[in-house]
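Please walk me through this structure, one part after another. I have not seen it before and would like a plain account.

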Amino acid sequence: MSESWRLIDMRVEDAPTQMAIDEAIAYARVKEGNPNTVRLYRWKPSAVSVGYFQSLEKEVDLEACRRMGVDLIRRITGGGAVYHDYNGEITYSLVAPDDDKRIPRDILESYRVICGAIVTGLGGIGVDCEFKPVNDIVAGGRKISGNAQTRRHGVVLQHGTILVDSDIRTMFKVLRVSEAKISDKLIKAVEDRVTNIRRYLGRDISFDEVRQALISGFEGTFYVSLIPGKLTDYEEGLVEEYKKRYSSWEWVNKR
Amino acid sequence: MARAEYKVPGGKLLAAESEAKGGKLLSVKLTGDFFMHPEYAIEELEEELKGIPLAKMGETIQGFFDSSDVQLIGASPSDITHVVKLSLGS
């Protein structure tokens with residue numbers, strides 16, 4: 001029988017809560033001896049998350065966010081800004097010990113392996129995509145998923161965005177894209193660099209279909225069964241504590 | 001405070017906001033969509049760069065990574081030196 005990992009399935013929460021849950025699972029993993037955990041989740045209200053090192057005001061149109069009711073959060077992981085559209089995006093996270101044999105010690109290689117679960121899963125519903133180093137997944141040359149990882153408390157935490165039916169227009173209203181980045185890619189229209197599953201497949205697709213595909217992708221890649229579970233009391237306590245930090249302007253506007 | 005951005009070819013975006021006077025780096029803030037493990041090392045690097053002679057910037061940045069387990073992904077120590085120099089107009 002294959003090993004069981006915990007699945008925290010499609011919990012809908014606000015931005016501070018979602019980021020606090022990922023961090024709580026990472027912190028508690030070794031301390032409590034919890035199973036490895038995969039989460040699939042959606043953000044309500046929709047939010048922009050910026051990477052740990054990003055300048056909030058350079059990456060995000062704060063006025064546009066305010067106007068459209070889009071929340072703001074800073075992640076503990078590096079990487080780029082993401083628009084988490086409640087109506088069109090699924091975020092996943094994976095927490096496993098950093099000495100788990102299935103996950104390479106080498107960070108770049110571990111992106112390839114963990115993103116491989118997403119590539120396999122999406123492949124199952126007809127999205128022919130591939131891992132593009134450092135941390136992207138592309139379909140037809142366009143980004144369909146961005147991923148970010150941190151290592152702390154003896155674990156790997158990787159989370160990433162899956163663009164299901166994200167409103168790409170709104171995405172580029174709330175995100176600012178630097179000139180340096182555009183010129184390097186030699187593409188004028190930034191909207192052309194990104195796609196979503198619905199656009200790629202040219203048909204309507206439900207969250208549940210994508211959810212099932214992602215679950216199969218993780219199960220097949222890591223030879224495990226994902227068993228639906230919930231957070232421990234200890235983790236829930238940490239979430240309440242961490243939420244306060246994530247909600248503070250001092251944290252969100254840290255850089 | 002002067003700012004510059006640099007997209008590392010095949011890597012990530014790096015930006016620097018810095019201030020120099022009398023041949024010394026007074027302060028620098030590094031931002032972008034790169035990765036550094038552990039993340040808090042960025043504050044330590046910025047602190048270490050305060051007040052160093054500009055001529056020593058490259059070796060100080062390189063030395064910071066050589067003498068620690070800090071991993072930089074999507075950019076190299078010399079990319080950081082490059083973007084700080086760009087922000088100072090040199």
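In chain B, strand β2 (residues 13-21) is joined to β3(B) by 8 bridges, and the two strands run antiparallel. The model shown here is predicted. These strands belong to an open sheet of 3 strands in chain B, ordered β1-β2-β3, with antiparallel pairing. Its edge strands are β1 (2-7) and β3 (24-32) of chain B, each of which pairs on one side only. On average, neighbouring strands of this sheet are turned by 25° against each other, direction ignored.

Chain B also has a cis peptide bond, which joins His37(B) and Pro38(B) with omega at about -5°. Pro38(B) sits in the loop between β4 (35-37) and α1 (41-49) of chain B.

Chain A has an open sheet of 3 strands as well, in the order β4-β3-β5, and here the pairing is mixed. The edges are formed by β4 (71-74) and β5 (82-84) of chain A, each pairing on one side only. Neighbouring strands of this sheet are turned by 25° against each other on average, direction ignored. Within the sheet, strand β3 (residues 47-50) of chain A pairs with β5(A) in the antiparallel sense over 3 bridges. Ala47(A) has His84(A) as its bridge partner in β5(A). Helix α1 (residues 15-32) of chain A lies across β3 and β4 of chain A and runs at about 25° to β4(A).

The peptide bond from Lys44(A) to Pro45(A) is cis, with omega near 0°. Two residues of chain A other than glycine can be picked out by their backbone angles. Met10(A), with a positive phi near 50°, lies in strand β1 (residues 3-13) of chain A. His153(A), with a positive phi near 55°, is in the loop between β9 and β10 (155-163) of chain A. As background, most residues other than glycine have a negative phi, and most peptide bonds are trans.

How do the two chains meet? Between them, 30 residues of chain A are in contact with 24 residues of chain B. The size of an interface is often given as the accessible area lost when the parts come together. Chain A and chain B bury about 2,100 Å² between them, with 58% of it on carbon and sulfur atoms. In chain A, the residues that lose the most area to chain B are Phe53(A), Ile107(A) and Arg255(A), which together account for 33% of what that side buries.

Arg255(A) also takes part in a salt bridge: its side chain meets that of Glu43(B) at 3.2 Å, N to O. Across the interface of chain A and chain B there are 4 salt bridges. The count of residue pairs in polar contact between chain A and chain B is 10. On the side of chain A that touches chain B, the elements giving two or more residues are α2 (56-59), α4 (107-123), β9 (142-152) and α6 (179-185) of chain A. The largest share comes from β9(A), with 6 residues. By class, this side of chain A has 9 nonpolar, 11 polar and 10 charged residues.

Conventions. Residues are numbered from 1 along each chain as its sequence is written. Chains are lettered from A and ligands numbered from 1 in the order in which they are written. This is a predicted model: local features need pLDDT of at least 70, side-chain atom pairs count only at pLDDT 80 or more; totals for chains, interfaces and linings use all residues. Side-chain values use heavy atoms; hydrogens and water are left out. Two strands pair if DSSP finds at least two bridges between them. Helices (H or I, at least four residues) and strands (E, at least two) are DSSP runs, numbered from the N terminus. Axes are lines fitted to C-alpha atoms, for helices over the stretch in contact, and angles run from 0 to 180 degrees between N-to-C directions. Contact means heavy atoms within 4.5 Å. Buried area is the accessible area (1.4 Å probe) that two parts lose on being put together, summed over both. A polar contact is a pair of N or O atoms within 3.5 Å; within protein, one must be able to donate a hydrogen and the other to accept it, and residues adjacent in sequence count only if both atoms are side-chain atoms. Ala, Val, Leu, Ile, Met, Phe, Trp, Tyr, Cys and Pro count as nonpolar, Asp, Glu, Lys and Arg as charged, and the others, Gly among them, as polar.
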